[in-house]
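Welcome, and please open your viewer. We will go from stop to stop, with something to select at each one.

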Amino acid sequence: MYAASISLAINTSVAKLYRMLAVLAGCLSFGPALANEVDFRTEIRPLLNEHCVACHGGVKQAADLSFINEDTAAYVVEPGDAEASYMLERVLSDDPDEVMPPPEHGRKLNAAEVDLLRRWINQGARWQKHWAFDAPVRQAVPDVPSRYAAWGKSFIDAFVLKRMLDTGLEPNPAAAPERWLRRAALDVRGLPPTPAEREMFMAELKEVGDAAYGQAADRLLEDPGYGEKWATPWLDAVRYADSRGLGLDGRRTIWKYRDWVIDALNKDLPYDQFTIAQLAGDLLPNATMDDLLATAQNRLTQTNEEGGTDDEQFRVEAVIDRVNTTWQAWQGLSFGCVQCHSHPYDPIAHEEYYQFLAFFNNTTDSDLSEDFPVVRVPKDPRQYSSARELDQQIDAVWKTLWEKADQLNRSESTWHSPEHLHASTNNSTKVVVEATGEIPEYQTRGNVAKNTTVVLECKPPEGLTQITALKFWGLPENPDSAKLDSEWGFVVSHCKLEVRDANADEDAWREVKLQRVLSDEPFPLLDPMDSLNAKSSRGVGPYSRMHFPRSGVFILQDVLDLEQVADIRVSIAQNVFALGAFPLVAHRGRVLFSGDQAWLDWAKPEGVWKQLADLKNRRKKIESVATPVMQQRFATYHRPSAVFERGNYLTKSEVVRPKVPEFLGGEPEAKSDLSRLEMANWIADADNPLTARVAVNRVWGELFGTGIVSTQEDFGSAGAKPTHPALLDTLAVDFVTEMRWSQKALIRELILSQTYRQSAVASGEKIEADPGNRWLSRGPRNRLSAEVVRDQALAISGLLSDKRYGPPVHPPIPDGVWNPFQGGDKWKTPKKGDEDRYRRTVYTYTKRTIQFPISAAFDAPTREACTVRRLTSNTPLQSLMTLNDTLFVEAAEALAVRMEKHADSPERQIEYGFGLAVCRDPDEDEVTRLLKLYESLCDSEAVEQEIQQRFALQQLAMVLLNLDEVLNQ
Amino acid sequence: MNHEQHYRAEWLRLQTRRQFLSRSAAGLGTTWLAGQLAASEGSEPVDPGDSPANGGLHFPAKAKRVIFLHMIGAPSQLELFDYKPELVRFDGKECPQEYLEGQRFAFIQGTPQMLGPQFPFKQHGESGAWVSDRLPHFSKLVDKVCFIKTMQTDQFNHGPAQLMVHCGQPRIGYPSAGSWVTWGLGTENEDLPGFIVLLSGGRQPRVGNALWGGGFLPSVYQGVQCRSKGDPVLNVSNPNGVSRDVRRKAIDALADLNQMNHQEFGDPETLTRIAQYELAFKMQMTVPEAMDISDEPKTIHEEYGTEPGKESFANNCLLARRLVERGVRFVQLFDWGWDSHGSQESESLNAGFKRKCEAADRPMAALLTDLERRGLLEDTLVVWGGEFGRTSMAENRGGIATRFVGRDHNPNAFTFWMAGAGVKPGMSYGETDPMGYMPAENPVQLRDFHATLQHLLGIDHHKMTAPFQGLNQKLTGVKPARVIEEILA
């Protein structure tokens with residue numbers, strides 16, 4: 001922030017800030033350091049980042065100098081001798097042409113900063129790796145003064161207390177048990193305690209004392225609401241939405257992935273497995289349906305279906321998004337800036353970005369509006385394993401069958417070139433025949449029109465007596481450059497083979513029946529057999545882009561005897577018009593013929609074909625939802641990856657191999673040429689310095705409002721330093737070892753800590769000294785998330801449905817909100833009383849360009865890109881929402897009914913409603929005030945008193961639902 | 001934010017909240033400017049170059065508020081403002097290869113034909129600006145307007161290009177200009193949202209609310225869409241049967257209970273929330289009042305061509321005036337239907353485009369006249385434009401001549417006009433080549449436009465930054481941007 005770069009003069013109005021910064025400064029040192037020893041990480045690195053790296057860093061290396069690494073700055077630093085160091089000479093210079101930083105770039109370093117630099121160099125100029133790039137090590141639990149012995153129960157408390165006391169703060173006493181219960185219930189499962197749960201907890205407390213907390217925590221963690229609550233931060237991170245984004249923002253059916261996340265959390269799938277499944281589940285040996293489904297995470301990227309958009313451009317953008325999201329969500333680093341240049345602060349080189357991108361660059365998805373590739377995920381999870389088994393059988397049978405034919409296809413002796421090729425088209429597309437190589441081909445000239453059928457007439461190939469198959473072979477205009485810079489592909493919508501006998505009339509063509517189509521890859525996105533269906537525009541061919549020459553083989557129904565045949569005519573209709581702009585017509589095409597009987601033997605519709613058909617029929621009977629997932633490209637057609645100059649995919653330079661970056665340690669050789677699965681294993685490895693820290697910090701941030709590293713999105717050297725580094729590292733190590741990557745175990749540990757149990761009372765002094773509660777001298781009190789605000793209102797009022805999973809729902813929204821660009825995308829609100837109206841918010845249809853109004857008002861992100869931290873605001877639009885929105889109006893009505901039914905007197909009704917809302921009994925003052933409102937709404941001499949009382953209760957209920965205490969943790 | 005910045009922000013938040021509570025205003029939280037002021041109070045100036053006389057700003061602000069008229073779809077500059085007599089001669093001829101090399105098009109294939117201007121042009125006013133006969137009302141006002149003929153963008157599909165215009169990035173997730181400005185300066189009227197968005201009805205912008213999103217800025221700075229139909233702001237009306245009096249009583253009770261809660265917990269956010277409920281209660285009056293144009297005199301309705309209760313560009317132009325009059329900082333209008341490819345009647349130069357011009361001409365002229373009459377044009381900046389331009393060639397989608405006349409997307413050159421606060425009136429900046437396809441001189445990038453917009457509001461675009469993903473982000477992005485000094489009055 002700009003305001004922070006100013007120098008502050010001591011003066012009354014900033015004195016308080018100074019005090020605060022002093023408190024802060026006292027807490028910034030890391031580990032044991034000699035009193036006077038300069039710490040590179042905390043004292044020198046920030047100085048370099050602020051004043052030097054803009055010109056001498058990852059982006060620019062003026063004078064070949066970069067302060068990112070020791071060796072690239074060695075020539076300006078003379079360890080042990082500051083006065084001989086060129087760096088200091090330039091910093092101290094009085095000459096405006098010499099001084100560093102140059103006056104137009106920034107201010108001179110002040111005396112204190114120069115002193116730091118000088119001492120650092122004199123002490124030997126020791127460079128240190130950024131703290132987060134070294135693996136965490138468990139730290140010794142600090143001793144706490146004996147008078148606090150009773151306060152802290154866990155090691156967490158000891159770490160927290162130490163830092164708190166160091167800053168001159170004292171801990172708060174524990175919150176009332178009921179307040180803890182409410183806080184924990186909202187944090188763990190996003191719903192308040194029910195009256196029964198409250199009673200049970202209070203009874204257990206009497207019975208077993210403190211152990212009641214643990215029992216309550218266990219129950220909350222076992223509640224299926226846990227997965228629904230904790231799915232939200234994860235869905236933010238992986239930018240989950242039910243629409244495609246950019247362009248048309250059409251509906252995307254990918255809710256099965258959302259259900260997978262909820263389910264994985266509820267099952268407490270260990271975080272390492274959770275990670276591997278989502279990054280590379282498709283590559284796991286014996287991947288389950290769940291593993292495949294988990295990879296849909298990568299398919300949450302945006303698809304641009306706008307007319308005239310380049311599929312390759314947006315495929316690349318999606319791949320880039322996968323790289324950035326992987327780094328942001330799992331490694332807490334903004335890798336995105338390395339797309340254009342080396343990282344400005346952190347030691348990540350430009351080419352390392354593209355080496356990492358190469359992990360994601362060989363999947364078959366390519367910005368297609370159909371969301372290909374998809375897997376048919378059974379609606380009922382109980383059928384996942386049987387469906388997967390069938391799929392595996394089908395794939396195995398087909399693969400063997402396909403390979404047999406492919407072998408034949410690849411044998412050179414199989415195919416024969418035609419003689420006297422002549423080409424024409426049905427429309428304005430111009431074609432000529434070129435025979436530069438051995439095989440004659442047609443080539444288009446000038447504009448290619450949509451719905452082009454290329455008609456190829458020829459004489460039968462010399463030496464061939466019969467035909468059993470023909471092959472259409474489409475080539476890129478430039479096969480060399482297409483490997484890196486793909487061209488638009490082609491689709492054979494229909495293939496027609498005709499022959500004319502010698503001496504026959506000119507138009508006496510007779511059609512020869514075709515029976516099967518074979519693609520040159522086993523699992524193409526489109527069904528090749530569609531090429532035989534005159535009604536479909538789809539069929540065999542590279543859809544929608546091509547990197548390599550590609551072909552399709554058409555097998556005849558019967559042997560065609562060539563004895564009488566004088567002429568052959570092949571019509572290749574290519575009718576796909578991608579994005580209303582690009583005719584998918586091969587610009588170069590060849591046709592070849594085979595007389596090998598083996599084609600017909602292969603195609604015989606018996607035996608294995610029948611087995612295949614049976615398997616497919618059985619699979620079809622399992623009701624399923626086509627869900628986009630990751631699928632590796634067929635190895636033969638792997639794309640090479642290259643560095644993009646300045647991040648622009650149109651200007652590629654050096655070709656790179658998949659590799660993880662150097663700066664996170666490990667053996668460099670062991671990191672080259674890895675698969676996506678190996679990359680996933682590397683991230684989920686216990687030794688990865690960032691994975692566990694980032695995960696632990698995210699959970700901490702969810703519970704306490706701010707992470708131990710407040711910049712949850714940036715663990716790099718420009719991010720915030722941890723307030724409790726020793727605690728973070730110890731928790732990270734524990735999470736991996738003791739807790740075996742169990743998020744539930746981690747949460748349990750945290751919510752049972754005394755730190756979390758503290759009362760949230762904030763004295764004026766504490767607010768002054770520590771406004772953000774970073775030293776945790778009071779319990780957390782943060783505004784609830786949009787989802788919890790809504791779900792809680794439903795729960796308090798009793799409207800909440802406990803229906804779980806399934807397609808997204810459309811609860812009421814104000815008129816005028818729903819006006820999608822694509823008219824077909826309907827918002828169908830269920831009627832009052834239908835439970836789909838009152839589901840947990842996580843099940844609401846998430847459209848990127850039209851945010852659900854409550855989510856928008858309460859700071860939920862729009863899910864276009866990875867978000868790991870929500871900023872909380874406090875606005876009048878939120879008030880309007882919770883006062884007037886249909887959901888809250890219905891909730892207030894329902895709560896009023898609940899209150900009314902529970903008791904007769906307004907006092908009892910108020911007490912009951914109050915208890916439902918905040919899980920405690922109201923004070924006398926609170927009851928009095930609410931009663932006053934009740935009476936002021938009832939005091940006229942009404943004819944219909946009952947109606948009036950109901951109305952008054954509704955207003956009371958509305959007030960209860962809007963209490964600040966309700967909206968906060 | 002780094003550690004110190006984080007704390008500093010917390011502290012500033014607290015400071016501002018105190019000021020806010022004592023003034024019982026705000027609702028927007030800490031603006032960038034408030035941060036500047038709080039930081040400079042009694043200490044050294046924020047930057048030696050910044051004069052405290054500018055109230056924390058980097059320059060004297062010529063513009064206090066902005067009205068941005070975006071014609072979604074990209075109107076053809078060649079049929080409105082960029083007159084190219086040479087193109088008349090080339091009409092129907094094959095496009096010279098020099099224009100095609102290295103270019104990417106959305107729909108044009110192979111070698112298209114050039115397309116001459118479809119309407120006659122004339123010079124107008126003392127400035128002699130060329131305007132086609134499609135804008136008879138607007139052409140009378142050319143002496144109040146500054147044209148930029150050489151706007152450029154690097155996106156040639158609508159979605160990304162629209163994002164470029166508003167957020168300076170072709171991707172979703174960055175703050176829009178309106179959000180930057182509101183975050184920067186706050187608003188002059190706390191009873192209304194500071195950044196209001198008005199849509200003409202019909203088709204929605206394809207990237208939806210991302211065009212007025214707050215990105216990584218606090219969500220309170222995102223644009224608030226106000227509607228001519230239904231609630232002008234979502235949920236601004238009380239539920240059926242709840243009178244203003246009943247609501248008053250309920251909010252009073254809520255405030256008292258929240259006050260008790262504050263007594264116990266001391267959380268300053270509770271006090272803010274009490275104030276926000278009060279503000280919401282006020283907005284329930286002020287917003288419908290501001291959005292109700294039925295009290296405007298008949299002459300005004302005639303001037304703008306407005307009909308109360310309708311969703312239209314004309315109504316929105318009048319609303320824009322009413323809103324800036326009430327101190328709204330940034331008013332963003334989106335019209336639709338300007339994508340004249342010629343692939344269908346409604347989107348063709350010879351049919352749909354004519355109707356769009358007819359519908360837009362009178363209200364946009366009326367807006368300028370009305371603002372000037374009220375003395376508002378002096379410190380209100382009005383901007384008009386699309387997300388890119390259109391090609392000098394006719395479209396030949398799918399390799400087939402289209403039934404109607406149209407042009408494809410041209411990111412290389414398009415026209416913006418600006419009027420009012422601090423902009424030189426009666427001038428034209430930048431020249432395109434004789435075909436109107438590329439800038440011949442003085443190209444202007446969208447980031448230059450953003451820098452200029454901020455400059456007029458008193459902000460140095462280099463200096464208003466927000467930290468996000470390890471970078472001090474700014475509206476103008478990382479590539480060098482320049483204030484177009486030549487058009488400043």
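Before the first stop, one term: a residue counts as buried if 20 or more other C-beta atoms lie within 10 Å of its own, and as exposed if 12 or fewer do. Keep in mind, too, that this is a predicted model.

Start by selecting residues 906-918 of chain A, which form helix H29. H29(A) has 13 residues and runs 18 Å from its first C-alpha to its last, close to the 18 Å expected at 1.5 Å a residue. Now colour its buried residues: Pro906(A), Gln909(A), Ile910(A), Tyr912(A), Gly913(A), Phe914(A), Leu916(A), Ala917(A) and Val918(A). Step just past the end of H29(A) to find Cys919(A), with a positive phi of about 60°.

Next, select residues 924-938 of chain A, helix H30. Which residues of H30(A) are buried? They are Glu926(A), Arg929(A), Leu930(A), Leu933(A), Tyr934(A) and Leu937(A). Because these cover an arc of only 140° around the axis, they sit on the same side of H30(A).

Now show what the buried residues of H30(A) pack against: H29 and H31 (945-962) of chain A, together with H6 (244-265) of chain B.

Finally, zoom out to the domain assignment of chain A, with domain 1 at 31-128 and domain 2 at 399-622. The C-alpha centres of these two domains of chain A lie 67 Å apart.

How values were computed:
Residues numbered from 1 in each chain as written. Chains lettered and ligands numbered in written order. Predicted model: local features only at pLDDT ≥ 70, side-chain atom pairs only at ≥ 80, totals over all residues. Helix = DSSP H or I, 4+ residues; strand = E, 2+ residues; numbered from the N terminus. Expected span 1.5 Å × (residues − 1). Arc of directions from axis to C-beta. Contact = placed C-beta atoms within 7 Å. Domains from an automatic or database assignment.
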